[in-house]
Amino acid sequence: MNLKVYTQIILSLITINFAYGQDYYKGLVVDEITQLPLPDAFVESIDQKDVYGITDKNGKFQILATSSKAQFSVQYFGYETKIIELNKNEEAQIILTPTENQLEEILLTSTKNPLERGIKSLSQITINQEVLQKNSSARLGDVLSRIDGVTFISTGQNVQLPVIHGLYGNRILILNNGFKHGFQNWGSDHAPEIDVSGAEMVRVVKGASSVKYGPDALGGAVVIENNSLALNRGFYGRTTTSYQTNGRGYGLNTSFGEGKENFSYHIGGNFNQIGDRRAPGYNLTNTGARDYALQGGLRYDYKDWTFKANYSLVNQTLGILRASVGSSGPALIRNMEAPRPTFIKPFSYKINEPNQEIQHQLASLKATRLFDNGNRLKINYARQWNARKEFDVRRNANLPVLDLELTTDDLQIEFEHELTDKISGSVGVQYFSQSNSNNPGTGVTPFIPNYETERYSIYLLETLALDASSWELGLRYDFEDNGVGGRDNRNNIFQDSFTFSNVTASLGNIWKFNKQTTWRNNIGTGWRPPNMAELFSFGQHESQTTFGLLRYQPSEENVITANEVTRFKDSNVAPENSIKYTTEIEWTSEKNRLSATAYTNYIRNFIFSRPIGVLGTARGPMPTFIIDQADALFIGSDLTFTHSYSQQGKASIGGSYIWSRNVERGEDLIHQPPIHLHASIDHSFTDLKWVDELDFSISPTYTFRQFQAPRTLSVRSLVEGTADLNFNDPIFDFMDPPSSYFLLNASVGVQKDKFYLSVEARNLLNTNYRDYLNNMRYFADEMGVNFIFSLTYTL
């Protein structure tokens, strides 16, 4: 035993002897939303100098008492400062509220966030509750669109899917209250059925996070957290009514709850009705939407255990632009070549064919055990039910062409541990299963077959915290088993079974050069098995016809046939495998913040949809696509700079760029985000006599024409047979990319006592434009100007 050890022992004995019989101010500092402890919070006496303490890794502090009680200030970066009175020898629970006084995205890079162990070296952006509440009528895609590197691919005005660094669909995991959102997540015409007005926080992870979340997070993750069910909170409530001019939409959402000493509850609901939207100069017929949502939760704490139960229901009816339907070759040509839709009717709230009807339910149970040493055991289970019907323009229009029921079970067990003062992490196992079935009575061959999927996973995430840096290491193993049964184009039954397995790994590093500058690096592998639509899709779906990887065969003459269903073991289909490197530098000062991210992502066996021609169907000729595979490379960057010119105002500018390439064939990829620039000025006036606060925001954006798009073969040339086309020809699109466009958005909000009134203007200049990532760009412009009025009352 050396001198250093002897010295530590002696000092410890002296400290224990000195402390015996002393009085202390004691407490636990936690996050209001997550109820998780906040380490390194600063607790300082207001009346006496040099009387202060810092919370430990478990959020606890202990300060030598100088009197029976005293006033203290509790401070933590990113949270509102709290003044509290502490009594000696009484342990207080101090709840800090995240800062929500500005419309901003907060970069979550702190190593103090236990919710994201193992992926802190990835760029993470959080949209806080105040922003979500001010956009209570917005869909998930609208909410995410302000984040650099994030956009959305859409089918009309009602269906939006997030795109992160050029990837979307099954490559972007959507976590709903801690569980993978179980919906028909294939194609660009199925949006996640999530009511963001009931969310407390939305976090975007911009990077390959497959080790933490599984194969579906190859491109990133969107994490939606509902009400945290905080304890020791008085009765609270909130009600918002809204009206928007474009679509004459109206809505109502309300929520309330209460937290006792060891019990809390929360209940909320939402309803929205929107009619036909309007582009500058004409109506977008059959683009209305109607939805309602309910959610509720209970929490009970017993000794070291916390139990939570949650339930949510979302019901949607979504219209699809009627002008996207063509009954003949000439009609399809007119629809795609006309400067405005060929089918325009007066405004209506009625939703006709084509449309989608979806109902999603989620029920979950969570149990968490907090140990004295700060370790934590989590056991979570959820079941989800998703029912989807799609209706089309046809003779039996009352019968759905697609009638699917999907049941999802998700069991997660995770142990978060602190091995030493410097090493912490988590180990977990997961069982995930899905069962999909087609209901009979559609009168058409099912677009995708019935299937059963089971996935077993185990992962390990460890973090080593050093003085000026920290290192993260992650490992994960997944095994997936699939069984499929369906019918081919001759109505014969086919069956198949196949398995996938893979090991993924990640290594990350965070360097803290000084108080202002942080550098993050992460390199990680990822994988994703093809989904059932990519393998087995067959026939018409929405405004196009699609054939999956196992449902077509190129002949020796390079002509495609679709008469057979290839067994998986007899095919060349392989899972996607990626390796992504992300580097990010963040610099902050008293008034400025700069964040720059660069990334490169190489994906082997990248699965994508590409046009192959125009095919006649019972509904008429339709643009036809096949699912294909090739190695692909994605390189891009995101940049954001924010300047706080005063305590009440800030200005920001940013942009994102991505270069993508099919490196196997040396050609461009289709449906990739163009260059996008944005700026904003946000200002709050708090010194007015007649209102408590006045918020103002103006946000111009500029989107470039996509110059990396494939060549163009018009529908006219394909229908009339003037284009010579075969399977191995270079990729093409049916229409040139739309022109660049400038949009201007603005908002004004007024706070008076418990009321908040806001007016938001989108596309304020009523600009005519088409979005390259909107499938309806072939047929119509985007929405024109839209004023959204909302009034909120908060208890």
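Which residues is Thr-640 in contact with, leaving aside its neighbours within four places in sequence? I went looking, and found Asp-148, Arg-593, Leu-594, Ser-595, Ile-653 and Gly-654; contact here means heavy atoms within 4.5 Å.

I am working on a predicted model, where local features need pLDDT of at least 70 and side-chain atom pairs count only at pLDDT 80 or more, while totals for chains, interfaces and linings use all residues. Numbering runs from 1 along each chain as its sequence is written, and side-chain values use heavy atoms, with hydrogens and water left out.

**Entry: Thr-640.** I placed Thr-640 in strand β37, residues 622–643. Strands (E, at least two residues) and helices (H or I, at least four) are DSSP runs, numbered from the N terminus. Thr-640 counts as buried because its relative accessibility is 16%; buried is under 20% relative accessible area, exposed over 50%, and partly exposed in between, with a 1.4 Å probe and protein chains only.

**Entry: strand pairing.** I followed β22 (305–319) into β23 (355–370) and found an antiparallel pair with 15 bridges. Two strands pair if DSSP finds at least two bridges between them. Phe-307 has Ala-367 of β23 as its bridge partner. On to β24 (376–391): β23 runs antiparallel to this strand as well, with 16 bridges. Here Gln-361 sits opposite Trp-385. The β23–β24 hairpin has 5 residues between the strands, and Gly-374 has a positive phi near 90° there.

Entry: I noted a cis peptide bond between Glu-353 and Pro-354, with omega about 0°. Pro-354 is in the loop between α5 (329–337) and β23. Asn-232 has a positive phi near 50° without being a glycine, in the loop between β15 (220–225) and β16 (233–244). Asn-491 is not a glycine either, and its phi is positive at about 70°; its loop runs between β28 (469–487) and β29 (493–512). Buried or exposed, or in between, for Asn-491? Partly exposed, at 48% relative accessibility.

**Entry: cavities.** I counted 13 cavities of 30 Å³ or more. A cavity is a set of points on a 1 Å grid over the protein atoms alone where a 1.4 Å probe fits but cannot get out, and lining residues have an atom within 4 Å of a point. Points are joined across faces, edges and corners, and volume is the space filled by probe spheres set on them. The largest cavity holds about 570 Å³. Its lining has 33 residues, with Tyr-168, Gly-187, Ser-188, Ser-609 and Ile-627 nearest the centre. β36 supplies the largest share of that lining, 4 residues. The second largest cavity comes to about 290 Å³, and β27 (450–465) gives the most to its lining, with 3 residues.

Definitions and conventions: 1 Å grid on protein atoms, 1.4 Å probe; cavity = no way out; pocket = protein on both sides within 12 Å on 5 of 7 lines; lining within 4 Å.
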